[in-house]
Amino acid sequence: MNAINQFHRKNREFIKYIKSQSTHFDELYFTRKKYKDLFLNDCVVINQDAKLSTSHDYLLAEVIAYELLAIYIENCIDNLNKSCAIANTNFNSNLHWTAKKIDLIELIYALHQAKVFDNGQADIKEITHVLEKAFQIDLGDNITRSFIDIKNRKTEPTRFLNQLQAELENKIEKDSY
């Protein structure tokens, strides 16, 4: 990350230009010219073929690559932090999810949509991982596909939630007498 930050500091003006979607220097930066007309900001340009490249092609590629690398590193760090936090949490649960996996996925999406964890800041993957640990079940890597199946149900897309609601209402009704 230090190398990425150093690169951004060194090329701050060019990055600001690219991010602002300005075009006033495009001809200077992205038009092929003879070497005597090049705006040299890095010795890497000397090794480029002027017939194929411009003075800032390589720099633009570096900007994009470093941004993608930073996102990748941040995601890895987030995943490690979540894994460590969850791995260090002792659930000590003997509960096993015995309903269908799709039912738990429906519940997870409902809880996520209702923003009931961390004031709505918890992401779907984290909620899934915690409930998998708590109920000793593996929902697989792609619950998004299962959610698409839920959305595509012909009748009663929230079948499990409706069943839960009916069961709770029956309990309330029985306990009222």
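The legends below describe close-up views of a predicted model.

In this predicted model, local features need pLDDT of at least 70 and side-chain atom pairs count only at pLDDT 80 or more, whereas totals for chains, interfaces and linings use all residues. Residues are numbered from 1 along each chain as its sequence is written, and side-chain values use heavy atoms, with hydrogens and water left out.

**View 1. The protein chain has 8 helices and 0 strands.** Helices (H or I, at least four residues) and strands (E, at least two) are DSSP runs, numbered from the N terminus, and along the sequence the pattern reads α-α-α-α-α-α-α-α. Of the 177 residues in the protein chain, 24% are buried, where buried means under 20% relative accessible area, exposed over 50% and partly exposed in between (1.4 Å probe, protein chains only). Among the contacts in the protein chain with a separation of 6 or more, 57% come from residues 24 or more positions apart, a contact being heavy atoms within 4.5 Å.

**View 2. The largest nonpolar core has 15 residues.** Such a core is a set of buried Ala, Val, Leu, Ile, Met, Phe, Trp, Tyr and Cys residues joined through side-chain atoms within 4.5 Å. The residues with the most contacts inside this core are W97, L104, I105, I108, L139 and I143. At least two of its residues are supplied by each of α5 (101-113), α6 (124-135) and α7 (143-151), and the largest share, 5 residues, comes from α5. Not counting residues up to four places away in sequence, I143 touches I105, Y109, I124 and T128. A second, separate core of 7 residues includes F7, F14, I15 and Y17.

**View 3. T128 lies in helix α6.** T128 counts as buried because its relative accessibility is 6%. The side chain of T128 reaches the backbone oxygen of I124 at 2.7 Å. When its neighbours within four places in sequence are left aside, T128 is in contact with I108, L139 and I143.

**View 4. Helices α5 and α6 pack at an angle of about 135 degrees, with their axes 10 Å apart.** The axes are lines fitted to C-alpha atoms, for helices over the stretch in contact, and angles run from 0 to 180 degrees between N-to-C directions. That angle makes α5 oblique to α6, since angles under 35 degrees count as roughly parallel, over 145 as roughly antiparallel, 65 to 115 as roughly perpendicular and the rest as oblique. The contact is made by L104, I108, Y109, L111 and H112 of α5 and by I124, I127, T128, L131 and F135 of α6.

Technical notes. Polar contact = N/O pair within 3.5 Å; in protein donor to acceptor, adjacent residues only side chain to side chain.
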